[in-house]
Amino acid sequence: MSRLHRVFPFLRWPRPDAGLLRGEALAGLTVGLMVIPQGVAYAALAGMPLVTGIYATLLPALIAVLFSASPRLSVGPTALTCLLVGASLSGLAEPGSPQWIALAVWLCLLTGLLQIALGFARFGWLLNLVNSPVLMAFTQAAAVLIIASQLPALLGFGAWDALLAQPSLHLPSLAFGVLSLALLVLARRWRPGFPTVLLVMAVSGGISYAVGFEAHGGAVVGTLPQGLPALYWPDWPGWSTLGQLVVPTLVITLVSFLETASSAKVDNGQRGQRWDQDQDLIGQGLAKLAAGFSGAFPTSSSFSRSALNLYAGAKSGWATLFMVAVVLISLLLFMPLLHHVPMAVLAAIVLVAVIGLIKPRAFTYLWKVSRVEAVIAGITFAVTVLAAPRLYWGVLAGVLMALSHFLYLRLHPRIIEIGLHPDGSLRDRHLWQLPPLAPGMFALRMDAALDFATANAFERAIAEHLSTHPDTQHVMWVAHPINRIDATGAEAFGRLREQLDDQRITLHLVGIKLPVENVLRRAGHLNESPRLQLYRTEAEGLRAASDLIPEDPSI
């Protein structure tokens, strides 16, 4: 791949012909009809003016498809990112106010610049800091919070505070919300590719207009401005306020790109290509900058819309260009049609999008696989819910716990004394109650690298055995699991050699890998000695051990 194609991924798109464009246009139309109502609904979730949800599906999607390595992803508003925006800005400004919009744009710019910097620095590997259980728990907790935030609008009582203060339901809103939710759930099960979301919005808007829903106290979308978004430049919020956006910026950057990863792996897997996560970081970062300068909020890749794009037959980024055209035409011509759509319908659209994220069985399965990780996931879920609206503390707590568990495992490597199993393999001698390989021999294996994290445990294991078995004359180290050694590990090995030489104990080194051997030779720890024996294979080591067994077992 040339450097030009790497910098400008759109140059790799297939040359368009009539057949390709026909299929791409159909896919673009399908996704475009879904993204418009979703964008409006997700903007409400983020506390932003509703039209910014459509702005976030226009220029950001265009920039992302041109500069991302995964051109079939649908970039725009997503429920999880919008929830993070709303939660991050809670308490800093009034939702929908000019200050709120400015802070949301700053989140766009900061997350976009951070992603671009990470992409150019080839730091996509940082995704590995968040493991699957933490992301699963955080996503489910966020879904619970999203559902809780949308129930008041869906059921027609405005807000939870209003229900507690003056219990009353707006029955027409309740009817719109429940019926829309039922239709969307059924359509999602039976006709997933049909633009049901747009149809529900159109029909509900028509019914709302016909029955005078707004005049009777019903909450509706209202008037949305037509035309292209103007260039937006936010006011400087001050260093103090900007400092409060640092943690939300990190979490939104991480979570939004993990959303991208879930879709990109599917897309690239179907195309049989390696996922270029660094280029996608750059493309997603540029999309966020475009969203910010459009006066919108941080965008991400939608798994549901990306799946719909693939389901509709999209082959390349041309489908997204058609989707952008659909959004553009709607923004210029059809905004008045959204005026009478009830807010309860928007709440139903959000609920349908996130209900699928609730998967209690995932915790049960995780408990069977790893109880420690299940506990970490449970704590992540609880912290996310209890810390609301600062729900980013949940993912931070999960990451810290997962990293702590990882460090604990690294600092406590698996070191076993091995014996010869009847099937011919070398296994844990104490677990399988096997005899030593030879009298006076301590044979061990460490299933980890020999580095600063494991060197102390390695030395301690041998020292403890020698102290409790003073008759030991041979130490056999089966070293083929050791694929890396650092300076600390080399020093530990050197101290081991000195200790064994002082006690006149022979070290038998089996299956050492060439990179490890080269480090130890450069350190001068593999010099020839009658008390150091090297074997390339386990079979050679076992033959040497058998030679140490006296012919008469009574000796």
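Why does tryptophan 236 count as partly exposed? Its relative accessibility is 48%, and partly exposed lies between buried (under 20% relative accessible area) and exposed (over 50%), with a 1.4 Å probe and protein chains only.

This is a predicted model, in which local features need pLDDT of at least 70, side-chain atom pairs count only at pLDDT 80 or more, and totals for chains, interfaces and linings use all residues. Residues are numbered from 1 along each chain as its sequence is written, and side-chain values use heavy atoms, without hydrogens and water.

**View 1. Tryptophan 106 pairs with tryptophan 236.** Rings of Phe, Tyr and Trp (its six-membered ring) pair if their centres lie within 6.5 Å; planes under 30 degrees apart are stacked, over 60 edge-to-face, the rest tilted. The count comes to 14 aromatic pairs. This one is edge-to-face, at 5.7 Å centre to centre and 85 degrees between the planes. Tryptophan 106 lies in helix α6 (residues 98-120), and tryptophan 236 in the loop between α10 (196-211) and α11 (239-244), 130 residues apart. Helices are DSSP runs (H or I, at least four residues), numbered from the N terminus. Tryptophan 106 is buried, at 13%.

**View 2. Tryptophan 236 also pairs with tryptophan 239.** Tryptophan 239 is exposed, at 68% relative accessibility.

**View 3. Phe8, Phe10 and Phe67 form a cluster.** Ring pairs link them.

Conventions
Helices (H or I, at least four residues) and strands (E, at least two) are DSSP runs, numbered from the N terminus.
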